[in-house]
Amino acid sequence: MKLRGLLTLAMAAQVIVTAAALLASYAVTGSAGFGTAQLIALLVSAAVAALLARLCTRAIETSEAKRAAAQSAALSQARSDSAQMTQAVIRTALDAFIQIDDSGVVLEWSLQAEALTGWTREEALGADVVDLIVAEPLRAAFRQRMARLVPELSAAPSGMRFEVSLIDRNGDHILTEASSTVLRVGERSIINTFVRDITHKRAAEEQLIQAQKMEAVGQLTGGIAHEFNNMLTVITGTIEILADAVKDNPPLATITKLISEAADRGAALTSSLLSFARKQALQPAEIDVNELIEELAKLLATFDKKVEIVTRLGGNVWLAYADRGQLSSALLNLAINARDAMLDDGKLTLTTRNVVFGVREAVAVGAGYAGDYVEIEIADTGTGIPRAILERIFDPFFSTKEVGKGTGLGLSMVFGFVKQSGGGIKVASEEGSGTVFTIYLPKAETSALRPTGYDDRKIVGGKETVLCVEDDRDVRRYVTVQLESLGYKVISAANAAEALAVSAEGTAFDLLFTDIVMAGGMNGRELAEQMVAARPSLRVLFTSGYAYDSLHTQGRATMAPLLRKPYRKAELARMLRRCLDTAVDSAGDAIPTPYSVQADVEAFLRRQAAEDNGTTRPRR
Ligand SMILES: Nc1ncnc2c1ncn2[C@@H]1O[C@H](COP(=O)(O)OP(=O)(O)OP(=O)(O)O)[C@@H](O)[C@H]1O
Ligand SMILES: [Mg+2]
């Protein structure tokens, strides 16, 4: 605008100067023709025009120079703002930023890159990125990959995202997700990469997948094992009757013995499967883990190999709450695995201690909740477990042992048992140096009465009436025969509805003996609850080979005793007497008879009413 005004002014000045010079020349000469004076006037005017043109050009030049300077200042300001912004983005990004040239030399290394890798910016700048963060055996392959990276990135304007396993300064592996873009600066290519640590995320995902897989396999195995258990209950129960009948015929007696042993092996197998499927009917009780481990260590000392057994038992270790029999076999399974993995001169260390878990630690080991746990560690100096199979060791039937030497159910059983007990398990293993299995069991909350001893050799029956609820017809028939042979009167029902109908009729019975998992709506626990509500003095004995997460679905204290299928007559007889003679909890521990205030209240009210009627002594 200024420039245009200046030019207009200059042109106007030029016109005025030319006109004035011509007028002056005519005034001086007085002639109308074009003579010397007019020539001079024109020359003067031309000189003035040249001067004005010069002035204008200079003014234009100065103004252009000023504008260019202002523009360049603005540009460099914008550049510096943008560089600052970029730095701020890199500084505040949650991911590590690494900038390298096309030969892999580090040009930029953010704070997060320092935190991720342990290398400082000073150490990293100018270094070869492959040497810094790639494990030695992978370096050659990584360099080849990098050579292809620039052309590939140039063809992908939005960059590339990929997963890569790196190492930190200590040599520990970090699984990362990297996103790279390439930038051409003159002849050079610069690769900008943001790197994110996904080690923990991946571990959590794998744990979830593993849990889902275990759940699916567990559902399947649990269902099959349940069916087998019912069949085995019939076999193990009736074989004793046969054995009794053929005891004078040695060849037949031998056959019945074979059948009985095969049934026992079948029972052990289904028991492992049910443990894995977390559908084993557990009988949790308080366990002194140190005492159990001392017993186990004595047993392990009889191992044929020269394995040194070391126990490191923590002082004042809490009582754990778990099924004692199952825990023993879990520990034995782990110890046998350890022995099998060790050559002579191996060392097996059993350690116990108390641990308190926050939510994070509990989740890490798959324990049920944050809180107090008893930790049992079984460490061996064996071959270790190769990484490739580590995630499969808990799968049922996974075994690396020769055919006939391992069923592959050992760890599945341990896993299922620990999880069902509300605990957790973890494994750490290094090929060549050994394996450490650590199991966590919930701390027992209260101290209860110790179970009273019963003589296992004596089968004691009774004359009471038992209401027997069992949905499997064969099992029901067999149990009825067993109960009657023990002297009991039996009322049998095929499901909860039938049992409730019997109860509603007012029929007298002393004990409810019910299966837990039953077809047709109500399960055994619900049935028991409903019946006990109507008949508080009723004794209850559960039986099951398949109890859904029995620990978590009801309060520990309210659990009635449970007879695990398949069972023998002696066990049935003993449990029945225990129930009928003493009120016991699920662990077989005696429960003190509940004190009722009702009788006292009624007596008090009666006394008071009598006093008010003046029939007794006046109140003091
Ligand atoms: N302490 C250990 N050291 C090395 N490898 C182990 C260890 N514990 C388990 N394993 C591996 O895990 C696999 C599965 O173990 P698991 O106890 O489930 O089955 P198994 O021992 O093979 O058979 P089973 O226990 O039924 O006799 C083993 O075959 C073995 O390869
Ligand atoms: Mg095993």
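Modeller: Let's start with a term we will need: a polar contact is a pair of N or O atoms within 3.5 Å. Keep in mind that this is a predicted model.

Biologist: Thanks! Which residue has a polar side-chain atom 2.4 Å from an oxygen atom of ligand 1?

Modeller: Residues closest to ligand 1 include N337, S399, T400 and K401. The polar side-chain atom that lies 2.4 Å from a ligand oxygen, inside the 3.5 Å cut-off, belongs to T407.

Biologist: Happy to follow so far. How much of ligand 1 does the protein bury?

Modeller: Picture the ligand on its own, where it exposes 600 Å². Of that area, the share buried by the protein is 90%.

Biologist: Which element gives the largest share of the shell around ligand 1?

Modeller: Elements that give two or more residues are α13 (410-420), β12 (434-442) and α10 (324-341). The largest share is three residues, and it comes from α10.

Biologist: Now to another part of the model. At roughly what angle do the axes of α14 and α18 cross, and is the crossing left-handed or right-handed?

Modeller: Helix α14 covers residues 473-485 and helix α18 covers residues 569-581, and their axes come within 11 Å. Q482, L483 and S485 in α14 meet K569, L572 and L576 in α18. By class, that contact has three nonpolar, two polar and one charged residues. The axes cross at roughly 65°, and the crossing is right-handed.

Key: Residues are numbered from 1 along each chain as its sequence is written. Chains are lettered from A and ligands numbered from 1 in the order in which they are written. This is a predicted model: local features need pLDDT of at least 70, side-chain atom pairs count only at pLDDT 80 or more; totals for chains, interfaces and linings use all residues. Side-chain values use heavy atoms; hydrogens and water are left out. A residue is near a molecule or strand if one of its heavy atoms lies within 4 Å of it. A polar contact is a pair of N or O atoms within 3.5 Å; within protein, one must be able to donate a hydrogen and the other to accept it, and residues adjacent in sequence count only if both atoms are side-chain atoms. Accessible areas come from the Shrake-Rupley method with a 1.4 Å probe; for residues, only the protein chains shown count as cover. Helices (H or I, at least four residues) and strands (E, at least two) are DSSP runs, numbered from the N terminus. Axes are lines fitted to C-alpha atoms, for helices over the stretch in contact, and angles run from 0 to 180 degrees between N-to-C directions. A crossing is left-handed if the near helix is turned anticlockwise from the far one by less than a right angle, and right-handed if clockwise. Contact means heavy atoms within 4.5 Å. Ala, Val, Leu, Ile, Met, Phe, Trp, Tyr, Cys and Pro count as nonpolar, Asp, Glu, Lys and Arg as charged, and the others, Gly among them, as polar.
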